[in-house]
Amino acid sequence: MNRYTAPLLLLLGLFSAGVANAQPLLMVRAQQSFPETMLALQGVISDHGYRVSRVQRVDVGLTASGYATDKYRIVFYGKPEQVRSLTAKYSQLIPYLPQKITIFAEEEETLVTTVDPAFFRKLVADPEAHVIFKQWRSDVESMLDELSEAE
Amino acid sequence: MKRLLALLFALLIAGPVFAAPDGGALYGRHCAACHGQDGHGGVGVPLALPDFLTNVSDTYLSRTIRHGRPGRVMPAFENLSDVQLRAIISHIRTWMPEGSMTPVHDTTPVIGDAKRGKALFAEHCAECHGANGEGGSGTGVTFSRPRDLPVIAPALHNAAFLHAATDQMIRTTLLQGRDGTPMESFLKQGLSEQDINDVVAYVRSFEEDPLPSGQHEGEEPYLSVESFSSFDETVANLKQAALGRNFRIIREQNLENGLFAEEEENARQRIVYFCNFKLINEAMKLDPRAGIFMPCRITVVEMADGTVKLMSINPKFMSQFFNNNALDEPCTELYGLYVGIMEEASL
């Protein structure tokens, strides 16, 4: 360690401080109504190279069973080859894949929430997989940012 | 090396890190999802309330943001820098009524009879704030489903609330109420100032008797049971076992369905989705984010060596993500159902 190392580390520490705000659930508010946000969500998912595999309409089931609720859906998505190879290699990921995002209406606005993919590190210790989870996290963050910034 | 250091310093001074952070943007990123872009509430209580903002000090706000409200959804923002925290508070202060002043953090204790306060609390407060001050059931303001009260009463028997709130702040809340919420002035409702002091003393006494957290710790993230039957039999047993526990099978598919062309899907990872809409409805009343658990799902997998396994998420593990005590019990129930179904299906 030369005499510059400490201040350099300190500076780098300052740079990254506050960036990572460790909350296990990520959630954003989109100022747009549910149908627009739903479309936008499917758009940002595919823009980031993922495929939407299915949409579960929880509200439809609830309403059909006599419970009052506003729009509430779950969007499943993934990168096909990644889902295949990760579930083959680390079976403990199976219950959690494909990934999903929950989206629901709040009056004229929409909330979008998901588990922070950083959580997957608790399931798999292999650093090779951590690279993928890190990419997922940054993709999810940027997808949510785009939704919350849409006017 | 010196040049590199100088460059880094220059970046720091010029760059966004030391430029005064944008409180509105930080609020939008960290708080608006729950409290609303304009502070009118959502999953969280409203913040843009004159009676609230003119009663709480910056110390109250910063302690609330830093420590959250354990077990009551409001997260602890431990990683925000002090500068960021101040910027968020300044942003919240822009909602103050015109001409009003930020209150000082007045720590003058309120002297009252906690024993009398306890009886008054049971009579006047418990219906909204809970018998033990644990807070109303549900969160903040929810627009997505009908409910009795527009704003759910916060937890008072909560270490972080009691650490943030002074006796004077609690007293003023009782004297004034909070216009625009179900919390009304108790002076107007006929309590005397002495009664109010007694209630404050009782609320303060919660500190000596913290509520158990009930949070599940040390849980495994997923559940896995080895089946003694073939793959196909296990799938059939699984559906039978779920039906037997009042679930409705809503869908059966390969895990890869929708990701690959149908004929390319791996048919040895089979998902059974099932629902009990009564359970879902109840969970979503307690926390609108509960859809994260939905729909219920167990996957049957045939491993490379031919063993067949039933796998699912562990609801008790996932309940930790929500910081919501109200979910602990339903998650324990769901855990029991998952384990029961998987064990039955494995035979």
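Start your tour of chain B with α7(B) and α11(B), which are roughly perpendicular to each other (angles of 65 to 115 degrees count as such, under 35 as roughly parallel, over 145 as roughly antiparallel and the rest as oblique). This is a predicted model, in which local features need pLDDT of at least 70 and side-chain atom pairs count only at pLDDT 80 or more, while totals for chains, interfaces and linings use all residues. Residues are numbered from 1 along each chain as its sequence is written, chains are lettered from A and ligands numbered from 1 in the order in which they are written, and side-chain values use heavy atoms, with hydrogens and water left out.

**Two crossing helices**

Select residues 114-124 for α7 and 193-205 for α11: they pack at about 95°, with axes 7 Å apart. Helices (H or I, at least four residues) and strands (E, at least two) are DSSP runs numbered from the N terminus; axes are lines fitted to C-alpha atoms, for helices over the stretch in contact, with angles from 0 to 180 degrees between N-to-C directions. Now show side chains: residues including R116(B), L120(B) and F121(B) of α7(B) meet a set in α11(B) that includes D198(B), V199(B) and Y202(B), where contact means heavy atoms within 4.5 Å.

**A leucine in a loop**

Next, pick L80(B), in the loop between α5 (58-67) and α6 (82-93). L80(B) is buried, at a relative accessible area of 4% (buried is under 20%, exposed over 50%, partly exposed in between, with a 1.4 Å probe and protein chains only).

**Cysteines**

How many disulfides does the structure hold? Zero, over all chains, counting pairs of cysteine sulfur atoms within 2.5 Å. Click on C34(B): the nearest cysteine sulfur, in C31(B), is 8.9 Å away, and C34(B) is buried at 18%. Then try C128(B), whose sulfur is 8.8 Å from the closest one, in C125(B), too far for a bond; C128(B) is partly exposed at 25%.

**A strand with two partners**

Finish at β4, residues 296-302: six of its seven residues are buried, so β4 is largely enclosed by the rest of the structure. On β3 (269-275), which joins β4(B) antiparallel through six bridges, find I271(B), whose bridge partner is T299(B). Strands pair if DSSP finds at least two bridges between them. β5 (308-313) also pairs antiparallel with β4(B), over four bridges, and E302(B) stands opposite V308(B). Five residues lie between β4(B) and β5(B) in this hairpin; look in the turn for G306(B), with a positive phi of about 90°.
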